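Have the sequence and the 3D view open as you read.

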Amino acid sequence: MKITASIRDGAIMVKIPLVVVPRKKQQSGLDLSRRETEVLEGLNEGLANKEIANKLNISESTVKFHVSKLFSKFKVDSRIQLMRKAMGPCYTLHVL
């Protein structure tokens with residue numbers, strides 16, 4: 001496990017590798033694709049759309065499409081709301 005720290009805008013940012021693991025579809029009521037799960041993991045890491053695109057070797061517009069689909073599926077309007085719901089009782093974050 002690789003934990004990294006950096007300073008951004010005068011604040012110390014610590015990144016701990018996490019993975020979002022969807023529970024069974026019938027428990028969560030959501031059916032996330034593999035790519036949506038990967039984009040959600042990138043958002044969880046605090047990555048920008050461009051960084052997620054580079055990491056997944058897809059276009060930035062494709063990332064935006066998946067983020068939009070995630071907003072719709074989770075019924076949210078922001079990344080913060082998305083992560084709060086994703087870390088709720090239907091989804092579990094595991095430290096790698």
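Where is the place of Lys75? Lys75 sits in the loop between H4 and helix H5 (79–86). Keep in mind as you look around that this is a predicted model.

**The overall layout**

First, the big picture. The protein has 5 helices and 4 strands, and along the sequence they follow the pattern β-β-β-α-α-α-α-α-β. Of the 96 residues in the protein, 33% are buried. The protein exposes about 6,400 Å², and carbon and sulfur atoms supply 54% of that area. If you take the contacts with a separation of 6 or more, 55% of them join residues 24 or more positions apart.

Lys75 counts as exposed because its relative accessible area is 70%, over the 50% cut-off.

Asn57 is another residue of this kind: its phi is near 60 degrees, again positive in a residue other than glycine. You'll find Asn57 in the loop between helix H3 (49–56) and H4. Its relative accessibility is 72%, so Asn57 counts as exposed.

A positive phi turns up after H2 as well, where Gly46 has a value near 80 degrees.

Now for the helices themselves. Two packed helices are described by the angle between their axes and the distance between the axes.

| Helix pair | Angle between axes | Distance between axes |
|---|---|---|
| H2 (residues 34–44) and H4 | roughly 95 degrees | within 10 Å |
| H3 and H4 | about 110 degrees | 8 Å |

Angles of 65 to 115 degrees count as roughly perpendicular, so H2 and H4 are roughly perpendicular to each other.

Which residues in H3 and H4 meet? From H3 come Asn49, Lys50, Ile52 and Ala53, and they meet Glu60, Val63, Lys64 and Val67 in H4. By class, that contact has 4 nonpolar, 1 polar and 3 charged residues.

On the H2 side, Arg35, Glu36, Val39, Leu40 and Leu43 meet a set of H4 residues: Val63, His66, Val67, Lys69, Leu70, Lys73 and Phe74. The contact of H2 with H4 divides into 7 nonpolar, 1 polar and 4 charged residues.

His66 deserves a look of its own. His66 lies in helix H4 (residues 60–74) and touches Arg35, Glu36 and Val39, leaving aside residues up to four places away in sequence. Is His66 buried or exposed? At 11% relative accessibility, His66 counts as buried, because the cut-off for buried is under 20%.

Ser72 is also in helix H4, but its relative accessible area is 52%, so Ser72 is exposed. Its C-alpha is 9.8 Å from that of Leu82, which is 10 residues away in sequence.

Why is H2 described as largely enclosed by the rest of the structure? Because 8 of its 11 residues are buried. The buried residues of H2 are Glu36, Thr37, Val39, Leu40, Glu41, Gly42, Leu43 and Asn44.

In soluble globular proteins, nonpolar side chains tend to be buried together. Here, the largest nonpolar core has 19 residues, and Val39, Leu40, Leu43, Leu70, Phe74 and Leu82 touch the most other members. H2, H3, H4 and H5 each supply at least two residues of this core, and the largest share, 5 residues, comes from H4.

**One last stop: Met87**

Finish in the loop between H5 and strand E4 (91–95), where Met87 lies. Met87 counts as partly exposed because its relative accessibility is 44%. How many Å separate the C-alpha atoms of Met87 and Asn44? The separation is 9.5 Å, although Met87 and Asn44 are 43 residues apart along the chain.

Conventions:
Residues numbered from 1 in each chain as written. Heavy atoms only, no water. Buried < 20%, exposed > 50% of the residue type's maximum accessible area, 1.4 Å probe, protein only. Contact = heavy atoms within 4.5 Å. Axes fitted to C-alpha atoms, helices over the stretch in contact; angles between N-to-C directions. Parallel < 35°, antiparallel > 145°, perpendicular 65-115°, else oblique. Nonpolar A, V, L, I, M, F, W, Y, C, P; charged D, E, K, R; others polar. Core = buried A, V, L, I, M, F, W, Y, C linked by side-chain atoms within 4.5 Å. Areas by Shrake-Rupley, 256 points an atom, 1.4 Å probe, with all protein chains shown as cover.
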